[in-house]
Amino acid sequence: MKRIALILATLSIVASASAQVDASDSTYNHANHSRLSVGGYGEAVFSRHFFSDHVSRYSQPEAHKDDPSHGRFDIPHAVIYLGYDFGKGWTFGTEIEFEHGGNGIAYEKEDEEGGEWEQETEKGGEVELEQLWLQKSFARWANLRVGHIVVPVGLNNAHHEPLNFFTVYRPEGENTIMPSTWHQTGVSFWGRAGDFRYEAQFLAGLNADQFTNVGWIRKGHKSPLEFDVANKYGLALRLDNYTVPGLRIGLSGYYGHSIGNSYPNDANGVGATYQGKVAIGSIDFTYQGYNWIVRGQADYGYLGDAEQLKYMYNRLNSKSPYKHSAFVSGNAYAVGIEAGYNVFSQIAFLQRSNQKLYVFGRYEAYNPYASTTKETKYDYTAVQRMALGINYYPIKQIVVKAEYSKRFLKSLYNNEPSLNIGVAFEGWFDLGHRLMAKKEQADVDRLNERINELQQQINELKQQKQ
């Protein structure tokens with residue numbers, strides 16, 4: 001009996017110590033270790049396009065049917081995360097993004113303007129502050145975030161990091177018709193309750209002067225000025241459900257006015273006559289289970305007064321940064337689905353090493369000019385795309401991607417096959433406190449093992465006594 005009592009006392013002490021370590025929540029960690037968080041993601045890509053890159057490839061498709069292929073190396077995105085916990089529910093976050101190598105000035109061929117060369121310095125183009133916000137958390141269900149934030153409309157914007165899609169580049173459909181990543185200055189209220197996560201955002205409106213026939217509203221959040229114009233406003237909503245294990249289903253949408261949201265404010269002109277209503281609805285999902293990952297989305301958008309945009313003063317003025325000569329569609333859509341299977345799950349020693357190799361396929365269809373404006377057609381904007389490839393994960397935070405893809409256009413035009421190879425990473429960088437957290441977890445594991453050993457000894461002693 002004395003021996004059992006001694007073991008029970010030891011078990012009580014060990015369990016108490018284990019509970020104290022397990023109680024080390026984020027507040028405990030921040031009180032004893034660094035409050036600063038540093039992370040990021042990046043991509044490096046090689047592409048070979050087996051179709052013409054001539055500006056007239058759509059207006060004169062037969063003349064460019066046999067043009068040579070062309071290749072490119074690219075750094076689509078390189079991002080640095082910085083975060084800080086001030087305590088008492090106050091946190092700060094920022095995301096600095098370098099697109100395509102981070103050059104501030106670049107020459108571009110503007111296909112929309114007959115292929116003329118333009119030198120562009122874009123505030124929201126090559127080097128951008130994608131996030132900069134201050135947050136107060138009142139409870140798990142109530143968080144208020146103010147600053148420059150990501151607008152989570154669609155699958156791509158809500159989950160835009162490179163480990164969240166199989167293709168080498170971001171999925172084309174959403175990346176064509178909507179900003180990607182869509183980020184604006186505003187106010188966000190978000191939280192979690194049960195199996196739901198919800199978010200509502202109040203934002204500056206989009207700028208209709210930036211809408212195009214081949215990109216719909218994609219450039220509408222950008223400003224060539226030192227500030228974002230906010231004559232008009234928008235509202236974004238998102239709701240995600242996690243009830244089914246391994247499955248996330250999301251609904252999101254946007255509504256706002258876009259005409260007149262430019263500088264200077266034409267309060268007595270067309271900006272007062274027309275509104276340019278933008279309405280977008282989206283449904284998306286992600287499923288992970290049984291060594292499969294499946295993702296899909298469907299987006300549909302409406303633009304009011306689309307037929308008026310071509311005649312707006314800023315778009316007609318050759319000296320304006322908003323000059324565009326094409327009509328804009330009143331509707332746009334993008335649908336897509338991809339599925340990948342981890343073939344290494346069937347190879348025992350590779351599974352034990354936590355390496356993964358997903359073989360995947362993707363199909364998508366999209367059109368930024370889905371409805372004809374003023375009987376003017378741009379039939380080459382209707383695209384179906386298929387991709388087949390692999391994603392190899394040597395470790396959890398790094399992926400090597402390769403794919404063969406093909407865009408299928410209407411019969412009048414030439415299809416566009418390509419080969420893309422890329423490498424990407426995503427993660428948080430250890431500043432010391434994470435090593436301490438790992439050590440604490442190791443201590444917890446050892447204590448739990450000791451508890452199991454002592455419990456087994458107690459059971460053996462009880463059996464002997466019987």
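These legends describe close-up views of a predicted model.

Residues are numbered from 1 along each chain as its sequence is written, and side-chain values use heavy atoms, with hydrogens and water left out. Local features need pLDDT of at least 70 and side-chain atom pairs count only at pLDDT 80 or more, while totals for chains, interfaces and linings use all residues.

**View 1. Strand 8 pairs with strand 7 and with strand 9.**
Strands (E, at least two residues) and helices (H or I, at least four) are DSSP runs, numbered from the N terminus. Two strands pair if DSSP finds at least two bridges between them. Strand 7 (residues 127–139) runs antiparallel to strand 8, with seven bridges. The two form a hairpin, with two residues between them. L144 of strand 8 is the bridge partner of K136. Strand 9 (residues 183–193) is also antiparallel to strand 8, with eight bridges. Here I149 has Q184 of strand 9 as its bridge partner. Strand 8 (residues 142–150) is mostly covered, with seven of its nine residues buried. Buried means under 20% relative accessible area, exposed means over 50%, and partly exposed lies in between (1.4 Å probe, protein chains only).

**View 2. The largest nonpolar core has 27 residues.**
A nonpolar core is a set of buried Ala, Val, Leu, Ile, Met, Phe, Trp, Tyr and Cys residues joined through side-chain atoms within 4.5 Å. W182, F211, I217, Y254 and I280 touch the most other members. Strand 13 (277–289) and strand 15 (331–342) are the elements that give two or more residues to this core. In soluble globular proteins, nonpolar side chains tend to be buried together.

**View 3. F211 and its contacts.**
Contact means heavy atoms within 4.5 Å. Neighbours within four places in sequence are left aside. Among the residues that F211 touches are L206, W216, I217, G220 and S258. V278, L303, L309, R315, H324 and V328 are also in contact with F211.

**View 4. S223 makes side-chain polar contacts in a loop.**
S223 sits in the loop between strand 10 (196–204) and strand 11 (233–241). Its relative accessibility is 9%, so S223 counts as buried. A polar contact is a pair of N or O atoms within 3.5 Å; within protein, one must be able to donate a hydrogen and the other to accept it, and residues adjacent in sequence count only if both atoms are side-chain atoms. A polar atom of the S223 side chain lies 3.1 Å from the backbone nitrogen of L225. The S223 side chain also reaches the backbone oxygen of F227, at 2.8 Å.

**View 5. Y378 is a buried loop residue.**
Y378 belongs to the loop between strand 16 (356–367) and strand 17 (383–395). Its relative accessibility is 14%. With neighbours within four places in sequence left aside, Y378 is in contact with N213, A326, F327 and Y369. A polar atom of the Y378 side chain lies 3.2 Å from the backbone nitrogen of F327. V214 is 164 residues from Y378 in sequence, yet 8.5 Å away in space, C-alpha to C-alpha.

**View 6. E364 forms salt bridges with R362 and R385.**
A salt bridge is a side-chain nitrogen of Lys or Arg within 4 Å of a carboxyl oxygen of Asp or Glu. By this rule the count is 16. E364 meets R362 at 3.3 Å, N to O. The closest N and O atoms of R385 and E364 are 3.5 Å apart. R385 lies in strand 17 and E364 in strand 16, so this pair ties together parts that are 21 residues apart in sequence. E364 is buried at 0% relative accessible area, R362 at 7% and R385 at 6%. A network of salt bridges links E172, R295, E338, R362, E364, R385, E403, R407 and E416.

**View 7. D240 and R248 form a buried salt bridge.**
The closest N and O atoms of D240 and R248 are 2.8 Å apart. Both residues are buried.

Most residues other than glycine have a negative phi, and most peptide bonds are trans. A cis peptide bond joins S180 and T181, with omega about -5 degrees. D305 has a positive phi, near 60 degrees. N354 has a positive phi of about 65 degrees.
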